[in-house]
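This report describes a protein chain together with an RNA strand. The sequence and structure come before the description.

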Amino acid sequence: MSKTKKQVEEITAMEDDFAKWYTDIVRKAQLMDYSSVKGCMIIEPYGYAIWENMVSILDKKFKELGHENVSMPMFIPESLLQKEKDHIEGFAPEVAWVTHGGNEKLQERLCVRPTSETLFCEHYAKVVHSWRDLPKLYNQWCNVVRWEKTTRPFLRSAEFQWQEGHTIHETAEEAKDETMQMLDVYHNFFEKYLAIPAIKGQKTESEKFAGAESTYTIEALMHDGKALQSATSHYFGNHFAKAFNIEFQNRDNKPQNPYQTSWGCTTRMIGAVIMVHGDNRGLVLPPAIAPVQVMIIPIAMQKEGVLEKAKEIEHRLRKICRVKTDISDKSPGWKFSEYEMRGVPLRIEIGPKDIEKNQCVVVRRDNLEKTFVDLNDIEVAIPELLEKLRKGIYKKALERRNQMTYEAHNFEEFENIAKSKPGFIKAMWCGDENCEKKSKEITAFTSRCIRDNEEKIDTKCAFCGKEAKHLVYWAKAY
RNA sequence: CGAGGUGUAGCUCAGCUUGGUAGAGCGCUACGUUCGGGACGUAGAUGCCGCAGGUUCAAAUCCUGUCACCUCGACCA
């Protein structure tokens, strides 16, 4: 009884205080630590290993699609940042400035990159001269700085790791295709690898990226009913090309501005995984990104043969998954709780009783279901169980999202749902920014994305009653 | 940037009202016994009481300032 109590006290229950539950997990699962600079976090080995797994899956995919990695400078001269009007207006409030080099005051201050459009554009202006130079499909993995007022680990930090793809094309058509293709890459990554159901759609004018012609997003619903913008893909048209004088001779021997895109995803995805799959025991990691997929816990280690058998299993499994054995002298019960906290998808218990029967116990993290597996079958059973877990957590997340998605046909309905039920609201919208403002001011719900390929649920705008143009998903957002 | 909160051992905190030798639990180290849901015994180690001034014979405690972090809003991935 007292043991149960101890467990409960470890992590704040998400029903009691979701924010605290979240920070308890990031700290106790040893994903990150705070640093002495506000909003800048230390990503610890376990957290960084999750990020590295995300990076390697996405990086491989990007390269398959013809993208090349580059590295741009960390500093942007003020004059360069200012070249595109909307862009600087959007980012100015949150950039960090370098004013001195050593003891010398700089002639022109340098901003620490909040995003690298301007750097890519400056470079493209130099290297793009002919239609034969296009397209250029560049990407960089780096860190950027945005001086946020309020910060939260992984969700909104002053410095964060990300990937930014920047491509430049001969035609608008080609650039638009690229924008949609990369949105699909992210969507697929969320659905298949992170096991997170994500809504794909377009941002409204007021929510789109500073300087973009159109912005596309994937939005995921967190446990507490708030939406998280999880990755974005932008179509720039030729605005940036014009502002930065990027010009090439086209196939008709005429000067022309090229068309551009950018797309990115960040360490925020780690926050999404926590808030979609986590539970009151801690983290639940989808196998694809789990640093350790299987943790072997020997029972009564000092008994003859136990340790050897555990090591033997580890050796066999090492060929097919990321596996470790915990041979520390902590008690088995402690180990069970610890690896549940850290979200390890499967644990194997192996003790004298099992060895006698030539079996082991496999426990799934998501539902704590125990399976007895014949030791001859582990190479088959483990991948199967990992896959079942992936499907299981996806299904759970999808069901929850469906359950938390409502429809509103007028503002009264909208307001009632917004005030009583956290989640997505599907509602028709006329396209007027004032209707978005009304929703935000009264309910704190903002437009998350336009879903034009989803069936319209009404002909009138839920906010003003005028003729509706789009079906929009609304939610409180992180 | 607004509102609230917190800084004392690695962690969570007590002590502050009413100034007088720096505390607890957990963790950590060593040895032994344990091990199928957060084990136990014995023996240890650990402090610029966020920082800077001030008041006082004497400050973790009172005063002034300052810095940092957390939570919630407005802004953003």
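Which residue in S8 is the bridge partner of Asn-143? The partner in S8 is Gln-161. The model is predicted, so local features need pLDDT of at least 70, side-chain atom pairs count only at pLDDT 80 or more, and totals for chains, interfaces and linings use all residues. Residues are numbered from 1 along each chain as its sequence is written, while chains are lettered from A and ligands numbered from 1 in the order in which they are written.

**Strand pairing**

Helices (H or I, at least four residues) and strands (E, at least two) are DSSP runs, numbered from the N terminus. Two strands pair if DSSP finds at least two bridges between them. Strand S7 (residues 136-145) and strand S8 (residues 159-169) are joined by ten bridges and run antiparallel. S7 is also joined to strand S3 (residues 68-69), by two bridges and in parallel. Glu-68 stands opposite Tyr-138 of S7.

An open sheet with mixed pairing consists of five strands in the order S16-S15-S17-S18-S19. Its edges are strand S16 (323-325) and strand S19 (370-374), each of which pairs on one side only. On average, neighbouring strands of this sheet are turned by 25° against each other, direction ignored. For such angles, axes are lines fitted to C-alpha atoms, for helices over the stretch in contact, and angles run from 0 to 180 degrees between N-to-C directions.

| Strands | Sense | Bridges | A residue pair |
|---|---|---|---|
| S15 (residues 294-298) and S17 (residues 346-350) | parallel | five bridges | Ile-296 and Ile-348 |

Met-295 has Arg-347 in S17 as its bridge partner. A residue is buried if 20 or more other C-beta atoms lie within 10 Å of its own, exposed if 12 or fewer, and partly exposed in between, with C-beta atoms placed from the backbone. Five of the five residues of S17 are buried, so this strand is largely enclosed by the rest of the structure. Leu-346, Ile-348 and Ile-350 are buried on one side of S17, and Arg-347 and Glu-349 are buried on the other. Helix H13 (residues 378-403) lies across S15, S17, S18 and S19, and runs at about 10° to S18.

Lys-309 belongs to helix H10 (residues 306-317). Why is Lys-309 classed as partly exposed? Lys-309 is partly exposed because 19 other C-beta atoms lie within 10 Å. Two residues are in contact if their C-beta atoms, placed from the backbone, lie within 7 Å. Leaving aside residues up to four places away in sequence, Lys-309 touches Ile-350 and Ile-355. Lys-309 and Ile-350 are 41 residues apart along the chain, and their C-alpha atoms are separated by 7.8 Å.

In H2, the buried residues are Trp-21, Tyr-22, Asp-24, Ile-25 and Val-26. They pack against strand S1 (32-34) and helix H9 (268-277). After H2 comes Gln-30, which has a positive phi near 60°.

**Domains**

Chain A is assigned domain 1 (36-68 + 119-277), domain 2 (294-385) and domain 3 (405-475), with bounds that come from an automatic or database domain assignment. The centres of domain 1 and domain 3, taken over C-alpha atoms, are separated by 27 Å. Their contact takes 15 residues from domain 1 and twelve residues from domain 3. On the side of domain 1 that touches domain 3, strand S9 (198-202) and strand S10 (214-221) each supply at least two residues. That side divides into three nonpolar, six polar and six charged residues. Here Ala, Val, Leu, Ile, Met, Phe, Trp, Tyr, Cys and Pro count as nonpolar, Asp, Glu, Lys and Arg as charged, and the others, Gly among them, as polar.

**Surface near RNA strand B**

A residue is near a molecule or strand if its C-beta atom, placed from the backbone, lies within 6 Å of it. RNA strand B is surrounded by 49 residues, and the closest are Ala-19, Lys-38, Ser-331, Gly-333 and Gly-351. The surface near RNA strand B divides into 20 nonpolar, 13 polar and 16 charged residues. Elements that each supply at least two of its residues include helix H2 (18-28), helix H11 (332-341) and strand S18 (359-364). The largest share, eight residues, comes from H11.
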